[in-house]
Amino acid sequence: MATQCENPVVLTPAQLICSLEQAWMNEKFAPELLESKSEIVECVMEQLEHMEENLKRAKQGDLKISIHRMEVERIRYVLSSYLRCRLRKIEKYFPHILEKEKIRAEGEPSILSPEEFAFAKEYMANTENHLKNVALKHMPPNLQKVDFLKAVPKPNLDSFVFLRVKEKQENIMVMPEHDEQREYVIDLDENSQHLIRYKTIAPLVASGAVQLI
Amino acid sequence: MRAAGLAEEPAPALPGQWKAGRRLGTLRRRRGCSKASWRAGVLEVVMAQAYAPVEAALGPVEHFLSLADILTLNGRGRNWLLRAGPNWRGAASCVVPGQRQAGPRLCPEGLSGPTGNCTACIEAESPTDTGSELEIPLWLAKGLYDKRRVLSVELPKIYKESWRTVFNADANVVDLHKLGPYYYGFGSQLLNFDSPENMELAQSILQTFIGRFRHIMDSSQNTFNEDTSALVTRLDELERALFQTGQKGLHDFQCWEMGQAAQITVSSLIQNYKKRKFTDMDS
Amino acid sequence: MFCEKATELVRELCRASDGQLPAFNEDGIRQVLEEMKALYEQNQIDVNEAKSGHSELITTIKFRHCSLLRNRRCIVAYLYDRLLRLRALRWEYGSVLPNAVRFHMSADEVLWFNQYKKSLATYMRSLGGGDGLDLTQDIKPPKNLYIEVRCLKDYGEFEIDDGTTILLKKNSQHFLPRWKCEQLIRQGVLEHILS
C-alpha cells in the first residue's frame, strides 16, 4: 500500500473511516482550506477498491452483498463530499491558497495535494488568461493588470464555528469582540462544546485537539 | 498510515460501524457525531447551489468582484450630496470625452442623477464656486476624496440625525428597502469620509440592525410555506439575504424531518432554464 | 454618464440571480472599452498640460481616472461572475451543455469552459488507482441502493449496471440503481419517487 508517512500508523478500517469523517466535518465547517489529508484519501480509495473487488467475487444473491454495497456507497459519498468541498474552496480562494503555497517554508506540510495544486494553478492561469484576452489587454496600458490577491475575497477567519473538545486545552486567548471588552483566556474541557470565532482555535483544528461539528 | 486487515475478508469491520438511521438521510453513527454529520449533509445541500456569487463585504471595505458591492457603490443621486470644497475651484473643465472645451466649465454628463439627466449640472459661469453642491455616485466620491479635501460629504438624509431619531425610536417600522435598498452597505461605506458624525452613524446602523434582527430571525424560522412577501418587501438587501438563509435552513430541516433529505431532486438551475423556455415559447 | 454602460452590465447579471447565464453582452463590453479609451486619451493630454502648470486640471484628471477604474472593475466583475456561472453549469449539466446555454457563451468563454472541464477531469481521474472518482456524482447522502423513479419524458434506451438496457418512456416507472440515475434526475429526465 502506498504510504508517505515515515512512521506508518496502523489503522483498522473503522478507524480509517472515522478519521475520514472527522476530516470531512472539519473541512465542511472551517472557513479556510485545511491541510490536505491525502494519505487518508488514498487509503479510503484503496479500501473502496478492495470492497468492490470482494463484492464482485461474492456469491450472487447473498444478502450480505447489498449491505456491503450500501457501505461502499456511503463511504464514497463522504469521500466525494470531502473532496468536493475542498475543490470548492480552492476555486473560491485560489489566489490566497496559491500564495500560501508559494511562501510555504521547506518541510512545512502543504495544504494542497499535488493534484489539487495542479488544479489550482490551471484554474488561476485559465481565469487570468480569460480576463486578459477578453478585456484587460484592450484597456489602457496602466490598467491591464488586476491583482487577484486583492480582487478575490479572503476566507473569513472571524466567522464562528461549533466545536467539540477532544483534548483538554488551557489558557486559550480570546480576542475582544467589541471595544468595551478586553482579551481574556478560557479553558476548554474535554468533550465540552463551544461556539467560538474560528481564528481563535484554528491551530487546534489543525492539530486535531478539537473537532468542528 | 496504513489500513490493516483489508485483503483477507470482505471488509467485515466496516458495516458494523454504521446503521441506517431510521429517517436520517445521512450517515448516522451509533454514538458520537450524528447531529454534526446531519449538519454536514445539510451544508452539502446548501453548497449544492452550484452558483455562488462573490459575497458583498461587510463594513467600510469592499469586495472588488462583488456585484452587490458595485451596485451599492453606485449610490443614488437623490440621496447623495457632494459639497465641493475650496480646492475644487477651477478644477474642472468639461470632461465629456472627445469634446474638450476651453475655459473652466463643469458640465460633466458624468455627474448626473439616476435618470441620466444632468441633474447636478453646474452652469458654465459658476462651476467652480466653493461650496457648489453636486450629486455624484458614491464610488466617485470615494475616489475623489483625499487629503486635499477637494470635497466634503454631506450625509444623505436617511443617515442624518432626524432620521436617526426615527430609527432609534422603532427600527422595525421603517421600510428599509424603499430607503435603501442597501441601507447597511451604503451606510458603512459612508464611514470612509471622516465625517464628524461617524460615531453616531456607526452606532445608529448597528442599533438599527440589532433592533430589526430579532423580528427577521423569528419570521424566517417560523413561516413555512407561507406568503412572506409583505415582510420581505420592507427589508434591506442584507436583511433579505439573511431572511432567505433562515428560510432555507427551515426548509431543509423540514425536508429532513419528513424523510425527504435523501431525495434526489432536479437541479434548480436546470429547472429554471426549463421554465424560461416555456415562457419564451408562450410569448 | 460615465460608467453607466458598465454598471448596466453588472445589473444585467444581478437580475438573473439564480445563476442563469444571460447572453454575453459583447456590444456592452465594446462600448465600455471605447469609453475607457476616450477617457484615457483625454487624460493623457491633460496630464501634459497639468505638468506645464495647469494644476487646476488635477481634479478633472482624477475624476476621469476614477471612472476608468470603475469601468475596469465592472467589466472584470462581470466576466468573473459569468465564469462562476459557467462553473455551476458544468456541475449541474455535466460536460455537455444544451444549445440554449451555449448560445449565450462567447467564444472565449467556450475556451475557458473547455479548459475548466479538462482541469476538472484530470483532477478527478487522478483520484485513486483506477478510473478515478466522479465528484459530480453522490451529491446527496445515499439511503438506498435502488430507488423508484418516474420518467418525465421520452429518453430512449438506457444501460444499467449489468449491461442490460431498459427503455425510458414518458410516465413509465422503474426501480433502478441510485448512482446510475442521479444525473438524469438532476437533469429533470427522471423523478425520484419516495415510497
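pLDDT is the predictor's confidence in each residue, on a scale from 0 to 100. You'll want that in mind here, since what you're looking at is a predicted model. Chain A has an average pLDDT of 89, and 96% of its residues score at least 70.

Within chain A, the helix H4 (residues 114-134) comes out with the highest confidence, at 96, while strand S1 (residues 10-11) has the lowest, at a mean of 78. Watch out for residues 1-6 of chain A, though: the pLDDT there is below 50. Leaving aside near neighbours in sequence, that stretch has 10 contacts in the model.

## Two helices crossing in chain A

Now find helix H3 (residues 63-102) of chain A and look at how it meets H4(A). Two packed helices are described by the angle between their axes and the distance between the axes. For this pair, the angle is about 85° and the axes are 9 Å apart. Angles of 65 to 115 degrees count as roughly perpendicular, so H3(A) and H4(A) are roughly perpendicular to each other.

Which residues make the contact? On the H3(A) side they include A:Ile90, A:Phe94 and A:Leu98, and on the H4(A) side A:Phe117, A:Ala120 and A:Met124 are among them. By class, the contact has 10 nonpolar and five charged residues, with no polar ones.

Strand S2 (residues 160-165) of chain A has two partners to look at. One is strand S5 (residues 193-197) of chain A: the two run antiparallel and are joined by five bridges. To spot one of the bridged pairs, look for A:Val161, whose partner in S5(A) is A:Ile196.

The other is strand S6 (residues 210-212) of chain A, which also runs antiparallel to S2(A) and is joined to it by three bridges. Here A:Val165 has A:Val210 as its bridge partner in S6(A).

## A stretch of chain B

UniProt, in an unreviewed entry, lists residues 160-256 of chain B as "domain: GINS subunit". That span is 72% helix and 0% strand, and its end C-alpha atoms lie 47 Å apart.

## Where chain C touches chain A

How many residues of chain C are in contact with chain A? The count is 30, and they touch 30 residues of chain A. On the chain C side, helices H2 (26-51), H3 (58-93) and H5 (107-125) each give two or more residues. H3(C) gives the most, with seven.

Sorted by class, this side of chain C has 19 nonpolar, seven polar and four charged residues.

Conventions. Residues numbered from 1 in each chain as written. Chains lettered and ligands numbered in written order. Predicted model: local features only at pLDDT ≥ 70, side-chain atom pairs only at ≥ 80, totals over all residues. Helix = DSSP H or I, 4+ residues; strand = E, 2+ residues; numbered from the N terminus. Contact = placed C-beta atoms within 7 Å. Pairing = 2+ DSSP bridges. UniProt positions renumbered as here; feature names shortened; annotations may be inferred. Nonpolar A, V, L, I, M, F, W, Y, C, P; charged D, E, K, R; others polar. Axes fitted to C-alpha atoms, helices over the stretch in contact; angles between N-to-C directions. Parallel < 35°, antiparallel > 145°, perpendicular 65-115°, else oblique.
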